[in-house]
Amino acid sequence: MFAIPLAAHAEPNGNVEMAFVPSTMDVTLLNENGKFVTIDMKKIAKGEKCRMDKDSVVMKVGPGATANTVRVRYLAPQLSHGGCPFMTEFELSDTDYTSARTAFTAKTDEASKKVDDLKKQLGSKWNEITGKKADQ
């Protein structure tokens, strides 16, 4: 569902790179004209702060405006009061982004391993369940 819209806003080289926010932090909204937070029924203007929760999924948009930062976009709707709105853009330090990206890739690798293990356990049943032919 997100693949097409996200790809349109990915880094200039076309790679979509996602990460987990490394810790709960206040961030400064960088979006023009602000964003609306549905859960709080209020608008947060550009330059105002909002709370980004630990492990929120963000996508790398490109380099930050300040040195040693990365600009990212929040990818999920806010489900708790006081948080950032959907599609919020903000900057993370290079160090925080590296930590965030490492956590995300570790979870991706873990999930891939679990799927591979499940394929091995299920054998030919895997193809039945997924609707794939044995040679695919």
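Mentor: Let us begin with patches, which are made of residues with over 30% relative accessible area and no salt bridge, where like charges are joined within 9 Å and nonpolar side chains (Val, Leu, Ile, Met, Phe, Trp, Tyr) within 5 Å. A salt bridge is a side-chain nitrogen of Lys or Arg within 4 Å of a carboxyl oxygen of Asp or Glu, and accessible areas come from the Shrake-Rupley method with a 1.4 Å probe, only the protein chains shown counting as cover for residues. This is a predicted model, in which local features need pLDDT of at least 70 and side-chain atom pairs count only at pLDDT 80 or more, while totals for chains, interfaces and linings use all residues. Residues are numbered from 1 along each chain as its sequence is written, and side-chain values use heavy atoms, with hydrogens and water left out.

Trainee: Which residues make the nonpolar surface patch?

Mentor: Leu 118, Leu 122 and Ile 129 make a nonpolar patch of about 250 Å². Ile 129 sits in helix H3 (residues 124–130), where helices (H or I, at least four residues) and strands (E, at least two) are DSSP runs numbered from the N terminus.

Trainee: Is Ile 129 buried or exposed?

Mentor: Ile 129 has a relative accessible area of 59% and is therefore exposed; the class requires over 50%, whereas buried means under 20% and partly exposed lies in between (1.4 Å probe, protein chains only).

Trainee: Switching to the strands, what is the order in the open sheet of four?

Mentor: The order is E1-E6-E7-E8, with antiparallel pairing, and two strands pair if DSSP finds at least two bridges between them. Strand E1 (18–20) and strand E8 (89–93) are the edge strands, each pairing on one side only.

Trainee: How many bridges join E6 to E7?

Mentor: Five bridges join strand E6 (residues 57–63) to strand E7 (residues 69–74), and Met 59 stands opposite Arg 73 in E7.

Trainee: And what is the phi of Asn 68?

Mentor: Asn 68, in the loop between E6 and E7, has a positive phi of about 60° although it is not a glycine. Most residues other than glycine have a negative phi. Asp 55, in the loop between strand E5 (49–52) and E6, likewise has a positive phi, of about 70°.
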